[in-house]
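User: Could you walk me through a few features of this structure? I would like to learn how to read them.

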Amino acid sequence: SAAFALSPAVKPDFIDEAKYGSLRQLFLEKKDELVPTYLSVGSEDFIIKQSLELDSWLQQNNIGIRYKVVEGFDHSYRLWRLELENVFQFLKEKEII
């Protein structure tokens, strides 16, 4: 199995972290069980700051997951379409597909 996410650095307001926990908490709890994970963000994305903060936190906690920053892209289908090809290449390299 593997994971990829389009906006993991931000939390929708409707998610109750008291009930479900946070993404950071989950990463820490499952640190030794994590599946290959691909994360990317556009350099012009409105969530770039949160994404880089999450990336920094992932590094500080030795989680083994890194963000890829794609220069010149924002939070749009244009980036996601480009990155879908990279996700499939990532899955192929990890022998998941």
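User: Which residue is the bridge partner of Gly 42 in E3?

Analyst: Strands (E, at least two residues) and helices (H or I, at least four) are DSSP runs, numbered from the N terminus. Two strands pair if DSSP finds at least two bridges between them. Here Gly 42 has Val 70 as its bridge partner in E3. Strand E2 (residues 37-42) runs parallel to strand E3 (residues 67-70), and the pairing covers four bridges. This is a predicted model, where local features need pLDDT of at least 70, side-chain atom pairs count only at pLDDT 80 or more, and totals for chains, interfaces and linings use all residues. Residues are numbered from 1 along each chain as its sequence is written, and side-chain values use heavy atoms, leaving out hydrogens and water.

User: Is Glu 95 buried or exposed?

Analyst: Buried means under 20% relative accessible area, exposed over 50%, and partly exposed in between (1.4 Å probe, protein chains only). Glu 95 has 72% relative accessibility, so Glu 95 counts as exposed. Asn 62 is exposed too, because its relative accessibility is 59%. Ile 97, in the segment after helix H4 (77-93), is likewise exposed, with a relative accessible area of 59%.
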